[in-house]
Number of protein chains: 2
Amino acid sequence: MAAFTLGWSDADGRPYEGNSGKGVRPAIALLCAEAAGAPAESAVPAAVAVELVHAFSLVHDDIIDLDERRRHRPALWKAYGTGPALLAGDALLALAVAQLAGSGEAMNYLSRALVELVQGQTADMAFEDRPWRGPGAVTADEYTEMTLGKTGGLLGAAAATGVILGGRADLAPRLWEMGRELGVAFQLVDDILGIWGDPGVTGKPADSDLRRGKKTYPVLAALATDGAAAHDLAALLHAGAADEHSVRRAAGLVEEAGGRAEAETLADRYLSSALTTLDDCLPGAADLRALCVSLADRIH
Amino acid sequence: MAAFTLGWSDADGRPYEGNSGKGVRPAIALLCAEAAGAPAESAVPAAVAVELVHAFSLVHDDIIDLDERRRHRPALWKAYGTGPALLAGDALLALAVAQLAGSGEAMNYLSRALVELVQGQTADMAFEDRPWRGPGAVTADEYTEMTLGKTGGLLGAAAATGVILGGRADLAPRLWEMGRELGVAFQLVDDILGIWGDPGVTGKPADSDLRRGKKTYPVLAALATDGAAAHDLAALLHAGAADEHSVRRAAGLVEEAGGRAEAETLADRYLSSALTTLDDCLPGAADLRALCVSLADRIH
């Protein structure tokens, strides 16, 4: 089951040559160690740990959200059942922790990321019960705070643990913050792709976020504008945008109300801030810098 | 949800004064630190970590096994839903790891226990698809191996991390083994209570293990005797012992075939071995010794 979820085998255990994820988090860990002046190999335990935590979180997320597809294939719970998938997720997490158990400094960051990840997921889940608009609506600050935890923590841990195993523990606190900000940019881009992305690239059904009424930033930002498009969007979401036509119409209204543009602007702002920190801490890290930029470039 | 699962509140968040578990694992950690000559308080992070891992494992176990009751109350997933309960379990685990993240030596044992716990649960789940008797049946060795992981690992980690935080890391490897053996005795006693225990004490419905056809040691040992009672038992289990009468009859046949006696003998053997190690490592640990003995005494 771990091999399936990591994209190494199909559901019958046969070798599988498909999409096994972008490997963003391990790449950050290895490039951080290299930028710190150590061989990339020195950060392999950190790279493995963050990728396993990422895999764990996807497996459990898909169970929680009842998402049936992941990376062009059935989600793990869909292929093997909920109980086994839950336990496989636990196993991935246990193995992640084992990678860094002996390194107290790195473990501290991994552990912090775990706590933030779960807090972020909890906040994300709680957003579902909040109204789309009005006094109880999710604010932009609440959304970025949730994203700092849900997506940022693990990118922060990738950078911090990579640089620690690369011998520059002094840089870890700032690279942790760099990774967290990068995470917000990354999540905002994911939100945009979740509405306007090509399902052939994302591996998920088109518009699944809108269809499920998930509270993503572009939609929240559109609704907060309070113009005509926002009113029409609110009415449409209230009725439930279930069929292809109304989902496409909702996406159009989000764009018309400026939700997409605002998400892009905010992503750029978080990316810039992350890059400023990165340039300051590790000025020679050209590959790492290029990777960070490419994460936000997926929408262009 | 964490407060509910730890027995501190009811499902509406009101304070609850009920059964919040025996606290065996934290007691072992604290008593080990004390026996090592340190204040019990020095092992509080270890005590908290092992209790949180235990709570995590119960929450996820109940989801996997679809058990609806835990400690005289609804299981967490029954009270709050599967998704939230799954995430609450993850949170308990994340917080457990955070307790010991800074202590590499203790973290190594906690991490090892996590991996063993998941491996043990996986083996336990795989047993369900095996036949009751014949060439593919679960052997006594396989059963104890599963139990060393599922129950023993965390008791081993409680003892090892307790003694490490108490300043006697040199004793950790042997106390880890002591805890694992104690875990086998503890699990065997739980198996016995799962069939013949008082639901008012165990907090679970009577005979739930037999009713669900769970492969516990007394049943496996009974079937392996291959006598008349074993044959009748096999036929009954094959038909599915669903109603009160056939469950009581199955319990009687397990006892008649000697399954209960063999489970008690094996529990005593593992307890004796654990006590020998304990007396050798920490000769003055009277309270700890009494606690270990009491865990196996619950059947008398």
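T225(A) sits in the loop between α11 (217-224) and α12 (228-239) of chain A; helices here are DSSP runs of H or I, at least four residues, numbered from the N terminus. This is a predicted model, in which local features need pLDDT of at least 70, side-chain atom pairs count only at pLDDT 80 or more, and totals for chains, interfaces and linings use all residues. Residues are numbered from 1 along each chain as its sequence is written, chains are lettered from A in the order in which they are written, and side-chain values use heavy atoms, without hydrogens and water.

T225(A) has a relative accessible area of 38%, so the residue counts as partly exposed, between under 20% for buried and over 50% for exposed, with a 1.4 Å probe and protein chains only. Beyond four places in sequence, T225(A) contacts A230(A) and A257(A), where contact means heavy atoms within 4.5 Å. From the C-alpha atom of T225(A) to that of L100(A), 125 residues apart along the chain, is 46 Å.

Now the helix pair between chains. Helix α5 of chain A (residues 82-100) packs on helix α6 of chain B (residues 104-127) at about 160 degrees, with axes 9 Å apart. Axes are lines fitted to C-alpha atoms over the stretch in contact, and angles run from 0 to 180 degrees between N-to-C directions. That makes α5(A) roughly antiparallel to α6(B), the word for angles over 145 degrees.

Which residues meet? Those in α5(A) include P84(A), L87(A) and D90(A), and those in α6(B) include M107(B), S111(B) and L114(B).

Lastly, L175(A) contacts, beyond four places in sequence, C32(A), G156(A), A159(A), V163(A), L278(A), C281(A) and L282(A).

Conventions. Helix = DSSP H or I, 4+ residues; strand = E, 2+ residues; numbered from the N terminus. Parallel < 35°, antiparallel > 145°, perpendicular 65-115°, else oblique.
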